[in-house]
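Below are a few notes to read alongside the structure.

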Amino acid sequence: MAIPTNIKTLLSGNVVEWARIEFKETWDPEASLKTVCAFANDLDNWGGGYIVVGAEEENGRPVYPLKGVPVEKIDAYQKNILEKSKFIRPAYSPIVEVVDYEDKKFIVLWCPGGDNRPYSSPKTMAIEDKISACDNKYIMTNTGFLDSHQQSIARIFCKKNHIPIYPLEFSRNGSAASDGSAASTGSAASNGSVASNGSAASTGSAASDGNAATTTRNGSVDLPPVRTSFYGGYEDAERVILINMPDYFDLERDNPLCIIRAEKVAGSRELTHRDYLGSLLGLGLKRDMIGDIIVRSDGADIIVMEDIADFILMNYYKAGRTSLSVSRLPISELIQNERKVTIVTDTVASLRLDSVIASAFGLSRGKAAEAISRGIVFVNNMEVTKTDFQISEGDKLTLRGKGKAVLAEVGGRSRKDRQYITIERY
């Protein structure tokens, strides 16, 4: 199918409205795919839109003189456009055409309104691009905050692409060691700082996918140039970022996360997680800029991206009708609520996921199976949808909306040949 207009018309804006045209100097897969989806969704029924690659944009207009796409990059861009478009769900492909104008080459994408709206591009796009940017430019990169489902997608992506995930070892106060190894007792900083200098640990130097960092003869750990980790500010964080760190990066000095401490007026009504989150989203913030919100009786600690901290300080002063006093603090000052652990002992016919989830959270076997099929059950941060998935001792279980649990111990068998288990739920 041919594109129904020419590039001269697009550059002039005389026939197609400027709002339906986006100009990009280069092909940026993450940003461009979002634009493709926006045009395909065609909320205003304008007939979709166009992306012109090779023209810089300023205030919605092309910048002259036009730059064009270097000839040697044309094939690579086209191939990448076709490959990345496969990530769009439901399936959708823009019409792509290479055109010549003023002795320069441009790539035009026509994105008509689709028949199976809405369309979206997955988080794996951002993950892939962030990892590539860290590798190619040797800079720290990170995604926005990922929920449990997005984390599961990210872990699967890393596993399929043989990208090792290096664990961050947290001390009791929540500080993290980002040297790619599990720090031995006492090695983490006691003041809440993050140790990221690559110091050696005596144990736990293996990446979480089984790829080990190389240990030299003097005991130091020879780390890879880039380390990929999940990080949410503290050990039990539900929402985390995927952070890619070159070996020079100091997480203590350049931490991408910080705390907004919100303190409410004494005597005011109790505020819930929903109150804080709703008021923050009401400022126009995206959900992936906000991490965990730890609520206390006198206020809350809100983990956010450092980039938006100043905006929040200037605009966030009320949750509902309750006035707030807000301040920014380093992540090391995070106040965590004391974890309340409930010990559950039970017997199960087998270590099937539905059986263990039912015991851990006090559900019927049918309700547990329903939760698993809905995709709200996670084992070791990975979404599992098979009810007969076998659980092992030490596995961490999450049931969204209910909490977390660990299969702490698998005991012997009863006279009726049922398996004794001990679960720690929190």
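1. The protein chain contains nine helices and 24 strands. Both are DSSP runs numbered from the N terminus: helices are H or I with at least four residues, strands are E with at least two.

2. This is a predicted model, in which local features need pLDDT of at least 70 and side-chain atom pairs count only at pLDDT 80 or more, while totals for chains, interfaces and linings use all residues. Residues are numbered from 1 along each chain as its sequence is written, and side-chain values use heavy atoms, with hydrogens and water left out.

3. Of the 426 residues in the protein chain, 45% are buried (under 20% relative accessible area; exposed is over 50%, partly exposed in between; 1.4 Å probe, protein chains only).

4. Among contacts (heavy atoms within 4.5 Å) in the protein chain with a separation of 6 or more, 62% are between residues 24 or more positions apart.

5. Most peptide bonds are trans, and most residues other than glycine have a negative phi. The points below list exceptions.

6. Y64 and P65 are joined by a cis peptide bond, with omega about 0°. P65 sits in the loop between β4 (61-62) and α3 (74-85). R117 and P118 are also joined by a cis peptide bond, omega about 0°, and P118 is in the loop between β6 (104-111) and α4 (123-137).

7. H162 has a positive phi, near 55°. H162 belongs to the loop between α5 (148-160) and β8 (169-170) and is exposed, at 68% relative accessible area.

8. D417 has a positive phi, near 65°. D417 lies in the loop between β23 (403-413) and β24 (419-425) and is partly exposed, at 47% relative accessibility.
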